[in-house]
Amino acid sequence: MSNDSNKKIVTRFAPSPTGFVHVGGIRTALFAYLWARKHNGTFILRIEDTDKEREVEGSIEHIIESLKWLGLDWDEGPDIGGIHAPYIQSQRLDSYKKYAEILIDKNLAYADPYTEKEIEEFRAQADLEKRPFLYREHRPDNPPKWDKTMPLRLKIQEVKTSEWEDLVRGKLTAGPEALDDFILIKSDGYPTYNFAHIIDDLEMGVTHIMRADEFISSTPKFLALYEALGVDRPEMATLPPIMAPGGKKKLGKRDGAKDVLDYRNEGILPEAMINFLALLGWNPGDDREVMTINEILESFDVKKIQHSGAQFNEEKLAWINGEYIKKMSYEEQEAYLLKFIPNDIKSLPHFTNDMLHRITPIIIERISTGLDIEMMAVNGDLDYYFKFPKLSLDVLKKEEKENITTEENIKKVIESLSQINEGDWIRNTIKDALWEYATSVGRGSVLWPMRYALSGCMKSPDPFILAELFGKEGTLTRLNLALETLSHINNNV
RNA sequence: GGCCCCAUCGUCUAACGGUUAGGACACCGGGUUUUCAAUCCGUCAAUCAGAGUUCGAUUCUCUGUGGGGUCACCA
């Protein structure tokens, strides 16, 4: 293994183009990115498309879009090229062939003459005998010359217990069962992941491999291949798995893991996602939680990477996102809000830039993601800013019976507010004009009907804030509407 | 099942072998606003179990238990 500390750090993110990337993949990319950037190293994006069956068209563009959204930029990759181009495995078949020939010449790789059916039978037999199936136990004595239509397998030299050092986990071991004559080149001519990623890492000078812990069990095979090739291996840092909510299994696409870009659509900010993901399986060693990418970079250390799995908790992600939203500039907040306000609200009679401008801080204070804004819209907690509320007879009646909302109180409020000059129409003046009376008759019997008259809702921001927002005329209009509704009830009872 | 990895509040985590086991999210409660979705304060809450080493284990060792991963011509 290479221990040359002067060597430039090179890491990579190597997804396969089988669809979108979920947060697990991004976390791996992030840690590799952080390690490279921290050391002024190189971060490579490589596409591992050796399984043409599972390939999904458009994946590469989608992956690139996801990484760019998050600000994880790379120094070499399929879209920008680089000194180790190409960066798509299906375009690197010559390299794999070259190394395959080397292994064949050294008598360390051989053609697999069996049919799939025969292999199946070996496997079934092993199952029957309740022992692990190992291809090497069926290794042919005189394998045919490899004609590229048969799989090519690595010939394991020495069956032994494997032992290696992991940057995160320390000393790891695996029994001899983990070692088998695995396939290097498939019968379709493409290399397996096991072979291709090692050749690529070698040719691209990758010094550190960040990977999820499902690769621990195949590491002995990688080790055997490095040995056969006679090359130093890169350092390996095993990341803990990200668990699905509930903690019962690793987060995966089948269990509903979302496309990271879905989070963008929900209003998660890239900085918040990066921050959250960095903290999933790593911590800076102190109590900081909201950290900029530079602060993360400053403190990042593979030694602080967690060993055990961590559940992906969307609530905490939302909380962090809220922290970032509150730190945005006023203009950014307004644009953010506008993005999530549905069109039917935007077409309401009083929807103006001025009103949007004024409610921005009020709404922003109360939300943590765009989903919250959409939810407010659905619940009717947004439209009263832009139109006169429709008051519910039932609600008013109920309060009438409880002797809270009386015509007298509303009249008194209207009377007091009418005396305020337009120029003095701010929340504190409004409050001062009403406070004494409200206190004398019980604040609830004044504030509640005021809130309801202004918003038509059981809950809303402070009624004085609403009154300021709607202006003197708007406020009095709404109060008179309430009064009208109330007297209408009284006349009909 | 074989092999491997992991194990602190519900969740994410902190703690040179010596702390009243700390923080954050969530929850719950309270203040303010007689609204809460805002804000402030507070409560509740954990070292998987059993041995061993040690004056002293969350920390080291072993066993057990639990959870996860992996046993492909997928990555």
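Modeller: Let us begin with a term: helices and strands are DSSP runs numbered from the N terminus, a helix having at least four residues and a strand at least two. By that numbering, P86 is found in the loop between helix 2 (59–70) and helix 3 (93–105). Please note also that this is a predicted model.

Colleague: How, then, should the confidence of the prediction be read?

Modeller: Where pLDDT is low, the predicted coordinates should not be read in detail. For chain A the mean pLDDT is 91, and 95% of the residues reach 70 or more. For the complex, the predictor gives an ipTM of 0.94 and a pTM of 0.93.

Colleague: Which peptide bond is cis?

Modeller: The bond from A85 to P86 is cis, its omega being near 0 degrees.

Colleague: Which residues have a positive phi although they are not glycines?

Modeller: One of them is N40, with a phi of about 55 degrees; K148 is another, at about 75 degrees. N40 is found in the loop between helix 1 (23–38) and strand 2 (42–45), whereas K148 is placed in the loop between helix 4 and strand 4 (152–154).

Colleague: How is a pair of packed helices described?

Modeller: Two packed helices are described by the angle between their axes and the distance between the axes. Here the axes of helix 16 (residues 407–418) and helix 18 come within 10 Å and cross at roughly 75 degrees. Helix 16 is therefore roughly perpendicular to helix 18. In their contact, N409, I410 and V413 of helix 16 meet S445, V446, P449 and M450 of helix 18. By class, this contact has five nonpolar, two polar and no charged residues.

Colleague: Which residues come nearest to RNA strand B?

Modeller: Of the 68 residues around RNA strand B, these are Y193, S308, A310, G444 and K459. Among the elements giving two or more residues to that surface are helix 4 (116–128), strand 6 (170–174) and helix 18 (444–455). By class, the surface near RNA strand B has 23 nonpolar, 21 polar and 24 charged residues.

Notes: Residues numbered from 1 in each chain as written. Chains lettered and ligands numbered in written order. Predicted model: local features only at pLDDT ≥ 70, side-chain atom pairs only at ≥ 80, totals over all residues. Near = placed C-beta within 6 Å. Nonpolar A, V, L, I, M, F, W, Y, C, P; charged D, E, K, R; others polar. pLDDT = per-residue confidence, 0-100. Axes fitted to C-alpha atoms, helices over the stretch in contact; angles between N-to-C directions. Parallel < 35°, antiparallel > 145°, perpendicular 65-115°, else oblique. Contact = placed C-beta atoms within 7 Å.
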